Amino acid sequence: MGIEHHFQEEIQSILQKEFEQSACFLKYQNHHDISLCFRLLRQEGYHVSADVFKRFKNNDDGTFGLNLSQDVNGLIGLYEASQLGVEGEFILDEVANFSGEHLNACLANNDSSCDEARIIRETLKYPYHKNLASCKAKSFINNFKGINGWGRSTLQELANMDYSITKEIHQHELAQVSRWWKSLGLAEELKLLRDQPLKWYTWPMAVLQDPRMSQQRIELAKCISLVYVIDDIFDVYGTIEELTLFTQVVNRWELSAMVDLPEYMRSTYKALYNTINSIGNNIYKIYGQNPTQNLRNTWANLCNAFLKEAKWFASGVVPSTNEYLKNGVVSSGVGTILVHMFYILGLGVNSNIHLEDISSMSSSGAMILRLWDDLGSAKDENQEGKDGSYIECYMKENKDASIELAREHVIKLIEDEWKNLNKEHLHLMSPSSRSFSKASLNSARMVPLMYSYDDNQSLPILQEYIKSMLYGDLSM
Ligand SMILES: CC(C)=CCC/C(C)=C/CC/C(C)=C/COP(=O)(O)OP(=O)(O)O
């Protein structure tokens with residue numbers, strides 16, 4: 001419901017107690033409650049064993065019971081819980097297949113407009129763990145019947161009030177980001193650049209959900225804007241010679257090096273240099289350590305990866321899938337942004353978590369974005385025959401593969417990366433790394449909103465999300 005920041009201590013203390021008693025989930029009697037407890041504990045980073053689901057299997061033939069297939073609530077709980085699996089937890093794969101199949105069967109037998117069918121469809125399409133809490137709030141309230149003396153209307157009133165306050169905070173932040181963007185003057189100077197501060201700001205708005213993190217959201221939005229702008233310089237503007245120069249200058253990180261650049265690149269470089277140095281200085285003021293060296297390294301890596309892609313594209317080279325993905329993870333920009341987020345959230349200073357500790361989480365998040373992006377561009381590519389993508393590399397490497405097979409393969413890769421994110425989430429749950437880990441999961445949850453283009457090349461789900469977060473209301 002988007003109000004958990006008011007109840008952090010209560011949530012932690014309840015979950016800690018549940019965790020201590022969770023060995024066999026003995027106090028819970030039904031599938032739904034056991035699954036819910038499992039999901040909530042794992043979501044908050046408590047490593048409870050998935051073996052609890054083995055008890056739902058028949059002893060004689062090892063299948064899940066038939067009576068379970070009639071229990072829609074239980075199936076929904078199981079399906080939701082199965083989303084938190086990590087690699088090698090075959091029991092959770094079985095739970096996902098079983099519950100998914102039976103929920104689909106219920107849909108086929110149900111009147112498609114009834115409440116139950118709507119809830120099943122929503123669960124299958126948007127399970128909790130892989131979606132933003134802020135996207136699920138409306139439907140949660142709608143389906144909520146009250147619990148432990150909390151009526152629906154009491155909670156809804158609280159959620160509405162909180163939502164109105166948060167909406168104003170977000171509007172205010174967006175205004176600041178837009179002012180900063182305008183003050184750079186890049187959109188006037190480079191007419192082909194994407195001019196989308198609202199879209200750029202939506203990333204940190206979705207990822208850092210605690211309303212108190214205004215400054216952090218604004219700084220992250222600036223970094224994200226710069227990834228988009230530099231991506232456009234590489235995709236739309238530069239020749240390979242110019243892009244090589246730009247990459248060298250970013251690697252050098254000296255303002256004086258700007259004179260070596262073509263005129264049209266100078267303002268972008270200056271904006272990058274000033275913005276990132278200023279973020280580094282702010283972090284120094286707050287936490288006593290200046291991470292600018294590590295921040296600039298990530299921009300150098302990003303430009304190196306953009307340049308490699310530009311050279312492949314310019315020379316018609318289609319790299320191997322491995323080579324493409326290794327580079328594509330960096331060129332997704334996710335690693336760059338997560339390093340900034342790491343320091344902006346105060347990690348790496350007075351905490352026992354280091355930059356290397358987030359590399360696996362960061363690379364899975366990056367892979368998810370890269371692959372989703374390429375699922376979309378594969379469609380364009382088929383229409384227009386341009387733009388490199390993983391799909392193209394895969395089809396070259398696997399001569400008999402159809403585009404459908406390639407897309408299925410990409411969807412499987414994305415599922416595997418989610419399992420790795422889940423694993424890393426369980427590793428990164430010290431109190432100091434909790435906000436980082438949760439924000440990283442949110443960034444993976446945000447990706448489908450950012451890349452679900454319709455036939456008109458618009459992003460209807462993203463538009464809906466922006467409308468509801470910044471301009472809408474929570475009421476039904
Ligand atoms: C909090 C967090 C981790 C946020 C991630 C923000 C981020 C790095 C977004 C992607 C930026 C990017 C590479 C855009 C490329 O343009 P495009 O997406 O249009 O792709 P294209 O150039 O392949 O068309």
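**Exercise 1. The ligand shell**

How many residues surround the ligand, and which are the closest?

*Solution.* Note first that this is a predicted model.
Step 1: count the shell. The ligand is surrounded by 17 residues.
Step 2: pick out the closest. They are Arg194, Asp231, Asp235, Asp373 and Tyr451.
Step 3: Nine of its residues are nonpolar, four are polar and four are charged.

**Exercise 2. Polar atoms and cover**

Find the distance from a ligand oxygen atom to a side-chain N or O atom of Asp231, then do likewise for Asp235 and Asp373.

*Solution.* Step 1: start with Asp231. An N or O atom of its side chain lies 2.8 Å from an oxygen atom of the ligand.
Step 1: turn to Asp373. Here the distance from a side-chain N or O atom to a ligand oxygen is 2.9 Å.
Step 2: finish with Asp235. Its side-chain N or O atom is 3.1 Å from an oxygen of the ligand.
Step 3: On its own, the ligand has 620 Å² of accessible area, and the protein covers 90% of that.
Step 4: assign the shell to elements. Helices H9 (197-207), H10 (214-237), H15 and H19 (431-451) each give two or more residues. H10 gives the largest share, five residues.

**Exercise 3. How H13 and H15 pack**

Describe the packing of helix H13 (residues 292-315) against helix H15 (residues 334-344).

*Solution.* A packed helix pair is described by the angle and the distance between the two axes.
Step 1: read both. The axes of H13 and H15 come within 9 Å and cross at roughly 170°.
Step 2: classify. Angles over 145 degrees count as roughly antiparallel, so H13 and H15 are roughly antiparallel to each other.
Step 3: list the contact. H13 uses Asn294, Leu295, Thr298, Trp299 and Leu302, while H15 uses Thr336, Val339, His340 and Tyr343.
Step 4: sort these residues. Five are nonpolar, four are polar and none is charged.

Technical notes
Residues numbered from 1 in each chain as written. Predicted model: local features only at pLDDT ≥ 70, side-chain atom pairs only at ≥ 80, totals over all residues. Heavy atoms only, no water. Axes fitted to C-alpha atoms, helices over the stretch in contact; angles between N-to-C directions. Helix = DSSP H or I, 4+ residues; strand = E, 2+ residues; numbered from the N terminus. Parallel < 35°, antiparallel > 145°, perpendicular 65-115°, else oblique. Contact = heavy atoms within 4.5 Å. Nonpolar A, V, L, I, M, F, W, Y, C, P; charged D, E, K, R; others polar. Near = heavy atom within 4 Å. Polar contact = N/O pair within 3.5 Å; in protein donor to acceptor, adjacent residues only side chain to side chain. Areas by Shrake-Rupley, 256 points an atom, 1.4 Å probe, with all protein chains shown as cover.
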